[in-house]
Structures are given as structure tokens and as C-alpha cells.
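Here is a short briefing on one protein model.

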Amino acid sequence: MMRAHLTPARAFLGLRHVLHNDQMLMALLAAVVGAATGLAVVGFRQLIQVFHARLFGAVDERIYDTVAALPWWQVLTVPTLGGLVVGILVHRF
């Protein structure tokens with residue numbers, strides 16, 4: 001007996017068949033996408049705090065006092081390297 005593979009299209013059609021209402025399906029999909037986006041934003045903010053803690057030694061978003069106490073070369077190097085990484089990623093992808 002051959003088993004059919006679940007694809008996103010089949011899942012969408014199956015969900016549409018169960019709900020019998022396109023508006024309800026769109027509301028459900030909007031809720032799922034919104035929840036996933038919210039989780040991604042929270043994760044991104046946490047990742048920013050990790051980088052602040054590792055590179056500057058500060059966990060607060062207002063890092064002026066911490067950065068002001070760092071040597072001048074570190075104040076210039078960290079954002080420059082960050083810009084270089086972002087530039088490479090934007091160019092490549």
C-alpha cells in the first residue's frame with residue numbers, strides 16, 4: 001500500500017475541506033503567521049542582547065556608558081565588522 005506524502009498544498013486543501021469556510025481558514029493562517037512572526041521578533045531581540053553581551057559586555061539596550069569606557073579601537077572595530085558581515089550576507093543572498 002502506497003502512502004501519499006503530505007505537502008503544503010495537500011495540507012491546505014485538507015484544512016480547507018475540514019473548515020468549509022475560506023474566511024475561517026484565512027483567519028487561522030493569519031493567526032499562525034502572526035504567532036510565528038512574534039516568536040521570530042522575540043528571538044531576534046534576544047540574539048541582539050547576546051551579541052551586545054559578548055561584544056560590548058553590556059546586556060542593556062542602552063549601551064552608551066559601557067561603550068564609552070571601551071578603548072577607541074574596539075568602538076570602531078565591532079560595528080565595522082558587523083557592517084562587513086551584513087554587507088557580505090546582502091551581497092551573497
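Helices α1 (8–19) and α2 (22–56) each supply at least two residues of a nonpolar patch. Helices here are DSSP runs of H or I with at least four residues, numbered from the N terminus. The model is predicted: local features need pLDDT of at least 70, side-chain atom pairs count only at pLDDT 80 or more, and totals for chains, interfaces and linings use all residues. Residues are numbered from 1 along each chain as its sequence is written, and side-chain values use heavy atoms, with hydrogens and water left out.

**Nonpolar patch**
- Val18, Leu19, Met24, Leu28 and Val32 make a surface patch of about 430 Å².
- Patch residues have over 30% relative accessible area and no salt bridge, and nonpolar side chains are joined within 5 Å.
- Areas come from the Shrake-Rupley method with a 1.4 Å probe.
- The most comes from α2, with three residues.
- Met24 is in helix α2.
- Met24 counts as partly exposed because its relative accessibility is 49% (buried is under 20%, exposed over 50%, partly exposed in between).

**Helix packing**
- The axes of α1 and α2, lines fitted to C-alpha atoms over the stretch in contact, are 9 Å apart at an angle of about 125 degrees.
- That angle makes α1 oblique to α2.

**Gln74**
- Gln74 lies in helix α4 (residues 72–92).
- At 19% relative accessibility, Gln74 counts as buried.
- Its C-alpha atom is 9.0 Å from that of Leu55, 19 residues apart along the chain.

Conventions: Patches are made of residues with over 30% relative accessible area and no salt bridge: like charges are joined within 9 Å, nonpolar side chains (Val, Leu, Ile, Met, Phe, Trp, Tyr) within 5 Å. A salt bridge is a side-chain nitrogen of Lys or Arg within 4 Å of a carboxyl oxygen of Asp or Glu. Buried means under 20% relative accessible area, exposed over 50%, partly exposed in between (1.4 Å probe, protein chains only). Axes are lines fitted to C-alpha atoms, for helices over the stretch in contact, and angles run from 0 to 180 degrees between N-to-C directions. Angles under 35 degrees count as roughly parallel, over 145 as roughly antiparallel, 65 to 115 as roughly perpendicular and the rest as oblique.
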